Amino acid sequence: MPSRYFTVSLCAISVSLACSNTTFADDFHSQMLELNQLNDTFHSTADSLALGQLTALTVLPADLNGNPASISMRSASQGVAVLQDRVYFSPAPYSAPQLQLLPNLLQQQSVTVTPMANMAVGGQGAFGVVSYQTLPVAEQAENSKVTLEGNTDSDYSVDVNWGVKQKEYGMILAVNYSDGSGADHLLNGQDTDRQTTDILFKINAASLLGARSPQVTEFTYQFLDDDSYRSQLGLTQADWQQDPMSLYSATAADKHQGRHHKYQLSHQVALSGGHKVITDFYYQSYSQQLNQLNQFDGQMLDTQSLAVLAAFERQPTVDGVAVASLQQDNDFSSFGVQTESVNQYGAHQISYSARYHTDKAEMHLGDQQSLWQQDLSVVSDAPNALLAYTDDATAFTSAIDSLFNWDGLQLKLALAYEKVDVNRKVNLAYAGLEAADFSDSDWMPQLGVLYHAGDWRFSTDIRRSWTAASAGNLEQEAQVSLQYQVSAQYASEHFSADIKTYVQDFDNLHVNCDAYTQCADSRLWVQGNVVDVLTKGVELNLGYQWELGSVQLPLALNYQYSNAEYQTNSCNEIQGCVVAGDRVAWLPEQQLQLSAGMKYAEYELHANVFYQSEREMGQFGAELQPVAAQWRVDLAANYHFNRHHEIYFRIENLLDETLVTTASNSGIRSENGRISYLGYQWRF
């Protein structure tokens with residue numbers, strides 16, 4: 001096998017681009033970001049800062065209203081798997097594909113994006129995989145560290161990583177706590193609080209020296225606790241122009257509570273002849289409580305009712321006005337076991353994998369009536385009875401993934417099969433909510449050819465992707481596409497270039513309600529189908545490491561062009577009707593990230609520029625609302641007193657731009673304005 005397979009590590013902000021040596025790659029075109037190096041540079045948990053550097057991903061950033069970042073890949077938001085240490089991070093990927101969770105960046109060492117996804121992932125990753133690797137068990141004591149940080153909004157965070165390694169045993173404990181209860185964003189002066197706690201615990205044991213088959217067993221436990229303000233109500237155009245960072249006080253009761261537990265037991269055996277077997281057992285649960293304003297004076301929030309709400313905020317009346325919130329109390333859980341056998345046959349490798357997975361989403365929805373009073377306080381009644389339904393899904397996935405090598409020529413042949421059983425039980429009847437019970441299965445083949453000639457690599461791939469419908473899909477139609485990709489890469493000691501061009505032809509595209517679309521209650525549990533979408537795109541990565549004596553100047557450019565168009569007139573429950581020839585509204589056509597750094601002795605300075613072209617956001621029955629092209633600049637400076645002590649300074653949104661995340665019938669929502677951070681890190 002060639003000594004350098006194409007796995008590019010583009011830590012575009014902080015370090016030089018490196019081409020890693022690897023004996024086996026899951027795909028010809030994986031892009032890997034070294035998060036441990038990025039974290040040491042920016043010390044940031046912002047998903048958009050890191051994921052925006054991965055050119056296959058489209059990132060819609062987190063907003064001021066508490067809604068998290070959302071990702072899609074080459075037009076698809078469903079069938080894109082988020083993995084951590086080889087298993088699903090989302091608690092119910094089959095029964096609740098609309099729920100997308102992302103790990104805490106400070107507790108990860110790398111993230112890899114693979115558009116032509118690893119076949120072993122199956123249908124829920126058939127349209128792309130975002131794979132995180134958690135912090136490893138420390139080999140050296142000096143990897144332990146404590147970080148303290150505060151910002152100009154009076155928020156603070158504490159991050160602790162502590163690990164030990166003794167002979168065949170090792171352990172790591174990582175704890176991150178943040179309190180974001182600083183700025184007065186609501187117009188009545190109230191705070192929009194957020195407290196999060198993330199805990200990662202890993203312990204492993206290796207076989208004794210001299211064992212016939214070296215083995216490693218590792219247990220991982222993760223806990224996430226999130227209590228935060230979260231609203232889907234934005235501002236009217238007039239209020240946006242006056243102060244885009246304000247929030248209507250009618251949303252003071254909006255909140256989100258989430259508790260996430262994840263358990264994983266992994267076992268790896270290295271057999272003779274280069275063979276190895278990896279087995280994972282996993283269980284996770286996630287409980288979620290949401291309260292979000294959705295009615296004003298008996299009317300669902302739209303352009304007209306939002307204007308009346310804004311007028312009451314400015315001139316409240318003595319009698320007040322009735323408002324209502326949608327309440328959700330949801331529980332998600334999953335269990336699975338998966339195994340993969342990687343077999344080396346001279347220069348060739350063949351991988352066999354299988355997984356059994358089952359998950360459940362227990363959903364409860366209701367409403368709560370409240371009175372918005374003259375002093376702009378909100379007095380709530382007792383919540384009404386909740387509508388209840390349960391979605392269950394069971395999936396069996398098997399795959400064979402082979403890589404054949406003849407000098408500079410590599411041939412990839414892969415085939416996956418997945419069978420999915422889906423069931424919906426309705427506990428309390430409600431209009432539009434129906435029981436469902438169906439099964440679906442299909443094959444997913446892939447063919448890839450790569451030619452390696454010195455510093456150059458040329459490749460082409462074709463595969464068929466398939467993702468089963470969820471229980472909320474009224475037509476029970478799977479998401480299916482053909483993907484074609486051609487790429488060329490060049491890598492030398494200081495310079496790297498990678499260009500990909502692709503075509504993705506969707507027979508059916510799944511869409512769900514998400515944080516960027518305030519759907520009516522009756523559409524929250526529905527999965528829509530967009531028939532016949534064609535996506536064409538180009539992705540470009542450039543990296544250069546410039547050295548002037550003792551000064552290092554890393555530079556990187558990531559560019560994405562994506563043109564996704566509807567090919568057929570069609571209607572669905574989420575978007576309404578679409579017209580052939582129109583562009584898919586929620587995706588920017590162009591996305592660019594430019595990163596530059598300077599490192600000299602104890603000093604470091606890094607800048608990151610992120611750009612998204614115009615996009616349009618819409619919801620059912622609404623005119624599309626355009627979001628103009630936007631630039632965001634982040635800056636980080638670090639001073640290392642010695643190898644143990646560091647002080648750093650970070651500015652997010654340096655130019656203090658009013659960056660729009662969403663413009664729709666429920667108002668305009670923004671990202672944060674300029675925020676400055678000061679932190680101290682002690683390594684011990």
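Helices (DSSP runs of H or I, at least four residues) and strands (DSSP runs of E, at least two residues) are numbered from the N terminus. This is a predicted model, in which local features need pLDDT of at least 70 and side-chain atom pairs count only at pLDDT 80 or more, while totals for chains, interfaces and linings use all residues. Residues are numbered from 1 along each chain as its sequence is written, and side-chain values use heavy atoms, with hydrogens and water left out.

Helix α1 spans residues 35-42, and within it L35, L38, N39, T41 and F42 are buried, that is, under 20% relative accessible area with a 1.4 Å probe and protein chains only. Because these buried residues fall within an arc of 165° when seen down the axis of α1, they line one face of the helix; the arc is that of the directions from the helix axis to the C-beta atoms. After α1 comes H43, which has a positive phi near 50°.

Leaving aside neighbours within four places in sequence, S470 is in contact (heavy atoms within 4.5 Å) with Y94, P97, V422, F438 and Q527.

P97 also belongs to the lining of the largest cavity, where V80, S90, P93, P97 and Q124 lie nearest the centre among 14 lining residues. A cavity is a set of points on a 1 Å grid over the protein atoms alone where a 1.4 Å probe fits but cannot get out, and lining residues have an atom within 4 Å of a point.

Methods
On a 1 Å grid over the protein atoms alone, a cavity is a set of points where a 1.4 Å probe fits but cannot get out, and a pocket is an open set with protein on both sides within 12 Å along at least five of seven lines; lining residues have an atom within 4 Å of a point. Buried means under 20% relative accessible area, exposed over 50%, partly exposed in between (1.4 Å probe, protein chains only).
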